[in-house]
Amino acid sequence: MEMNIEINNRPMKANPGETILDVLTRNGIKVPTLCHMKDYFPSGACRMCVVEHENSGRLVTSCSYPVEEGMRIKTHTSRVVEARKMIVELLLSNHPDDCLYCVRNGNCQLQELAVEHHVTERRISGLKNNFSKDLSSPSITRDPDKCILCGRCVRVCEEVMGVSAIDYINRGSKTLIGTSFNKGLNTSSCVNCGQCIMVCPTGALSEKGHLNEIQMALSDPSKKVVVQYAPAISVSLAEEFGMQPGTDVNGLMNAALRKIGFDFVFDTSFSADLTIMEESAELIDRVANGGTLPLITSCCPAWVKYAEEFAVDFLPNVSSCKSPQQMLGAVIKTYFADKIKTKPEDIYSVSVMPCTAKKFEAQREDMTHHGITDVDAVMTTRELAQLIRLYGVDMYNINPELTDSPLGIRSSAGKLFGGSGGVMEAALRTAYFKLTGNELKEFKINAVRGLTGRKETKLQIGDLEVGVAVVSGLQNAKVLLDEIRNGRDDIHFIEIMACPGGCIAGGGQHIGADQKAILSRLSSLYDIDDRDSIKVSHKNPEVIELYEKFLGEPLGHMSHELLHTEYEKREVPL
Amino acid sequence: MKHGIAEILDARGGAKRDSLIPILQEIQESEGFLSQEAVSEVGSRLGIPTSKIYGVATFYNQFRFEPKGKYHIQVCRGTACHVLGSATVLDKLEKILKAKAGQTTRDGLFSIEVVACIGACGLAPVVNINGNFYAKVTEQSLTEIIENLKNKEV
């Protein structure tokens with residue numbers, strides 16, 4: 001039953017249950033918001049979105065106010081505009097507003113609102129915030145001074161991740177956002193996914209930067225600097241340079257990385273193929289020998305930390321495979337070091353990841369070999385863009401180049417790792433071949449594709465009906481794990497990614513991308529899979545060569561030493 | 001200590017998140033403060049993340065997160081005391097003891113708590129130490145009071 005309402009003197013239709021903001025958005029009327037998050041229950045905390053409710057004469061928050069029959073709304077009267085401007089001015093009154101020195105300079109919602117509302121003089125000068133920064137986490141830096149208490153980070157951590165590492169502390173003007181007992185993030189239950197950074201409107205949350213170390217290595221003539229980039233990077237980086245979302249800039253990125261000065265450029269999708277070789281062997285081994293099932297993927301370091309804290313009972317289920325980042329790191333400092341006749345300690349290994357948790361993963365104690373770290377520095381997609389600008393590379397005027405050999409070729413299955421369901425699809429393609437000796441007739445497994453938070457399907461492999469589940473967003477993982485705790489036993493293999501939609505929507509990606517942009521990145525991965533000739537990991541010629549010349553066979557002695565790891569319970573306040 | 005917390009929680013078997021504040025009050029009553037262990041225990045029993053419990057507890061002045069000192073000093077910050085200068089009294093106290101409101105000195109001797117009106121407005125500004133009222137406190141008299149207590153301990 002439609003309702004008739006009036007907005008800015010014009011009649012409009014509204015549906016019961018909608019908020020005023022829903023109707024405004026649909027009709028192309030923009031009202032500024034801060035605490036509002038699409039698809040979340042409104043909180044109405046910041047009051048940026050106020051509109052005039054003429055029937056009552058009050059200002060109401062459009063994000064949380066439901067439509068009513070006969071309601072008359074004005075969205076941009078001088079009263080409304082003044083009220084919004086006042087809110088911005090009050091937010092600025094205790095804000096450090098040292099914008100020129102801020103990591104979010106030029107990409108800050110508070111800055112944008114100040115511009116939009118023509119805030120040009122300091123009318124209200126208050127006492128500036130004076131909290132201490134939290135630099136304790138290997139992944140995420142918090143600067144509570146810049147926090148405007150919109151609560152978006154708190155909500156994403158609780159509602160999407162099911163972690164709740166942070167919440168409001170204290171009351172009134174002393175309020176800040178922090179962990180339990182206001183300790184450092186490093187000792188909290190934080191899984192380092194970085195989704196809080198993605199929703200933060202200001203510079204209160206950012207990744208722990210590794211650019212200084214990387215620049216130092218690049219200018220050190222005694223170091224061979226090697227870089228690898230994750231499957232999701234090539235379809236996400238474009239947005240940082242104003243190109244169409246989903247544009248695949250793989251070749252341009254290779255060229256840019258060489259121009260910056262990296263000696264060798266490798267693709268983590270190669271080691272995604274390697275992961276598939278190991279993980280599918282592990283799956284087959286567990287099925288054949290009565291090992292712990294369901295097997296759960298271990299590519300996502302945020303999920304792995306989550307399991308070590310919240311799902312300790314599932315640790316035996318988590319694959320012992322290191323993630324592709326760490327596998328490639330390990331191979332670079334052994335097989336490849338040998339190949340280029342360089343000592344592993346003279347190699348500086350950098351990775352580009354769509355992820356902040358990868359920074360944490362790289363410094364895990366077990367991610368070393370004979371005391372040498374697998375990966376030395378990890379930069380996010382954002383940091384790579386910064387580095388490209390810093391070194392004056394013009395992405396619009398360079399020619400695409402190929403990756404280096406022998407760790408640069410990938411199958412499109414490895415490339416699919418960038419999106420939720422990709423690891424599953426790649427693993428099933430190879431497991432099917434290993435078990436039946438034949439390739440799948442149809443490589444595309446549509447049931448595990450797409451951005452949906454929870455996907456399930458069954459696949460007949462020989463005599464075995466394999467049940468698989470793919471979840472992204474750790475809250476979804478929690479629900480699935482609870483089902484298994486309660487006795488569900490028809491699932492053999494689970495892919496878990498912490499970020500909703502997988503790495504293409506990771507915590508290290510371009511800030512400000514909407515769902516449409518993320519979908520474009522995903523479609524771009526699927527297009528690559530359609531186009532590529534090598535569609536399965538076990539046909540990657542360089543992976544085959546690596547096994548022949550160095551590793552032996554999947555799950556073999558060398559693999560165990562370099563490519564597998566262990567997990568243990570973490571004692572943190574939950 | 002854990003024993004006490006477990007008992008309190010056992011007595012409220014089946015309690016849900018709406019019992020959080022009364023449970024925290026009982027624990028503070030019995031233990032003197034809310035320890036990290038206590039908060040974790042409450043969290044796992046009620047299914048509430050510790051960050052949320054800490055958030056709720058820090059919202060209210062009544063909860064403390066450090067054990068009380070041997071001398072627990074309540075500084076009244078009610079209206080009458082405020083008008084007669086309790087802000088300076090509190091400021092002075094924090095300086096003398098090198099501890100903030102809600103904290104305990106490192107030697108465990110003194111702890112400071114800010115309270116709203118304690119109903120002794122005629123004596124404003126007033127400070128209460130272990131149940132004894134000190135009336136019309138000034139910066140100087142406060143220094144003497146603390147010195148006297150310290151001397152007792154030597």
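## Secondary structure of chain B

In this predicted model, chain B contains 7 helices and 4 strands. Their order along the sequence is α-α-α-α-β-α-α-β-β-β-α.

The C-alpha trace of chain B extends over about 50 × 35 × 25 Å along its principal axes. Of the 154 residues in chain B, 28% are buried. When contacts in chain B between residues at least 6 apart in sequence are considered, 60% of them connect residues at least 24 apart.

## Domains of chain B

Two domains are assigned to chain B: domain 1 covers residues 2-59, and domain 2 covers residues 71-153. The centres of domain 1 and domain 2 of chain B, taken over C-alpha atoms, lie 29 Å from each other.

## Helix packing in chain B

Helix α3 of chain B (residues 36-46) packs against helix α4 of chain B (residues 50-59), with axes that come within 9 Å and cross at roughly 115°. The crossing of α3(B) with α4(B) is right-handed. On the α3(B) side, the contact is formed by V39(B), S40(B), V42(B) and G43(B), and on the α4(B) side by T50(B), I53(B) and Y54(B).

By class, the residues of this contact between α3(B) and α4(B) comprise 4 nonpolar and 3 polar, with no charged residue.

## Strand pairing in chain A

In chain A, strand β3 (residues 50-53) pairs with strand β4 (residues 58-61) in the antiparallel sense, through 4 bridges. Within this pairing, V50(A) is placed opposite T61(A) of β4(A). The hairpin of β3(A) and β4(A) has 4 residues between its strands, and G57(A) adopts a positive phi near 75° there.

Strand β3(A) also pairs with strand β5 of chain A (residues 72-74), again in the antiparallel sense, over 2 bridges. Here H53(A) faces I73(A) of β5(A).

## Contact between chains A and B

How many residues of each chain take part in the contact between chain A and chain B? The contact involves 13 residues of chain A and 13 residues of chain B. On the side of chain A that touches chain B, the residues divide into 7 nonpolar, 4 polar and 2 charged.

Note on methods:
Residues numbered from 1 in each chain as written. Chains lettered and ligands numbered in written order. Predicted model: local features only at pLDDT ≥ 70, side-chain atom pairs only at ≥ 80, totals over all residues. Axes fitted to C-alpha atoms, helices over the stretch in contact; angles between N-to-C directions. Left-handed = near helix turned anticlockwise from the far one by under 90°. Contact = placed C-beta atoms within 7 Å. Nonpolar A, V, L, I, M, F, W, Y, C, P; charged D, E, K, R; others polar. Domains from an automatic or database assignment. Pairing = 2+ DSSP bridges. Buried ≥ 20, exposed ≤ 12 C-beta atoms within 10 Å, placed from the backbone.
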